[in-house]
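Open the model in your viewer and keep the selection panel at hand. We will go stop by stop.

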Amino acid sequence: MRVCRYLCVRKCKQKCKSCAAAPPVPRAWKRIFWWLILLAVSFSGLLLYGLPAVRHLETFLPMGTCPLARMPPLRDNFTGLLHLWARPEVLTCTSWGAPIIWDGTFDPDVAQQEAIQQNLTIGLTVFAVGRYLEKYLARFLETAEQHFMVGQRVVYYVFTERPAAVPRLPLGPGRRLRVERVLRERRWQDVSMERMRTLHAALGGRLGREAHFVFCMDVDQYFSGAFGPETLADSVAQLHAWRYHWPRRLLPYESDPRSAAALAPGEGDFYYHAALFGGSVAALRRLTAHCARGQQQDRARGLEARWHDESHLNKYFWLHKPAKVLSPEFCWCPEIGRRAEIRRPRLLWAPKEYTLVRD
Ligand code: UD2
């Protein structure tokens, strides 16, 4: 009625008498109008600030508990005694008895001494093909100098199609950089998958002769904390930062039974991240041979696994269980936001800029 009177004064002026009888603006419309405003505000709020909060709910999905934590202490070749009970809020061992390494479960000094005593050389391989080189390589290597196996003998292997463009950084004592030329594949998927075949050949050559243990990493990341010999083992897999709380049936394994990477329903232990895996030279030779062969088989059948080399890696680790699993603290994505269980991230994903680096 008030609206009507207002309109009446402004528009009708002379016709005020008829206004008194005019029907009121329907209340339902007003309510719908305010609901729409509220919805629009909440939706944009959710998009801007809310999604990490919604994602945070997944931390309430339990990861399970480690039965070994209640049994006689587990020993590790590098870390000595493992304190699996030190992190009761997360899963610290696998069902096949391998440790899942979280901050607080190991003594980094013991690992450091053990590696020095064994007089090890540790390899770190990284591919920087096309625009990935300028965009990520310098930071990856600079931060590796600060945090990767500090105090150990390290040999970096950079694989690229443009060796001359690799930045020559000052390296610490006992550390060197080797650059290996590779052909540039046309599609980024092929660059990613071809790594398995190239690594297999390199491990059978100079890299395999020089190093005792090797880590293979994506270049679009950077170190942010100590990544030391506590991570070493015969075969090492990395829990995927975006998937470590998800129930198994939601994990993005390859499901096409025609693919060599396929896992049947009910198969799979965790979802492992291909941005970081490692192990002894012999174990990595087996892993890379398996994945390269699987990719080749798929190609011959006109198939490509859902997550390329990562799908084949997940199949391999289902068939051949890793001896050590690294918690997401060892390869964390800052976009996920803060999580109490991620105490000290050691390697961080750089922001993905696919439109910039992919053709
Ligand atoms: C995911 C996985 C990656 C692999 C890929 C397969 C992450 C952080 N990584 O990576 O391990 O399984 O999916 O789909 O989720 N590269 C080049 N030049 C190229 C393309 C790739 O050098 O043109 C190298 C580089 O080291 C890069 C890696 O291959 O970091 C993986 O490629 P990506 O980072 O583009 O793939 P992404 O992020 O989807």
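A pocket, on a 1 Å grid over the protein atoms alone, is an open set of points with protein on both sides within 12 Å along at least five of seven lines. A molecule sits in one if more than half of its atoms lie within 2 Å of its grid points. This is a predicted model, where local features need pLDDT of at least 70, side-chain atom pairs count only at pLDDT 80 or more, and totals for chains, interfaces and linings use all residues. Residues are numbered from 1 along each chain as its sequence is written, and side-chain values use heavy atoms, with hydrogens and water left out.

Select the ligand; the largest pocket holds it.

**Stop two: polar contacts.** These are pairs of N or O atoms within 3.5 Å. Select His308: an N or O atom of its side chain is 2.6 Å from a ligand oxygen. For Val129, a polar backbone atom is 2.8 Å from a ligand oxygen. For His273, a polar side-chain atom lies 3.0 Å from one. Alone, the ligand exposes 710 Å², and the protein buries 96% of that (Shrake-Rupley method, 1.4 Å probe).

**Stop three: the shell's elements.** Helices (H or I, at least four residues) and strands (E, at least two) are DSSP runs, numbered from the N terminus.

**Stop four: an aromatic pair.** Select Phe148 and Phe215. Their rings are edge-to-face, 6.2 Å centre to centre, with 90° between the planes. Pairs need centres within 6.5 Å, and planes over 60 degrees apart count as edge-to-face. Phe148 lies in the loop between H5 and E5 and Phe215 in E7, so the pair ties together parts 67 residues apart in sequence.

Note on methods: A polar contact is a pair of N or O atoms within 3.5 Å; within protein, one must be able to donate a hydrogen and the other to accept it, and residues adjacent in sequence count only if both atoms are side-chain atoms. On a 1 Å grid over the protein atoms alone, a cavity is a set of points where a 1.4 Å probe fits but cannot get out, and a pocket is an open set with protein on both sides within 12 Å along at least five of seven lines; lining residues have an atom within 4 Å of a point. Rings of Phe, Tyr and Trp (its six-membered ring) pair if their centres lie within 6.5 Å; planes under 30 degrees apart count as stacked, over 60 as edge-to-face and the rest as tilted.
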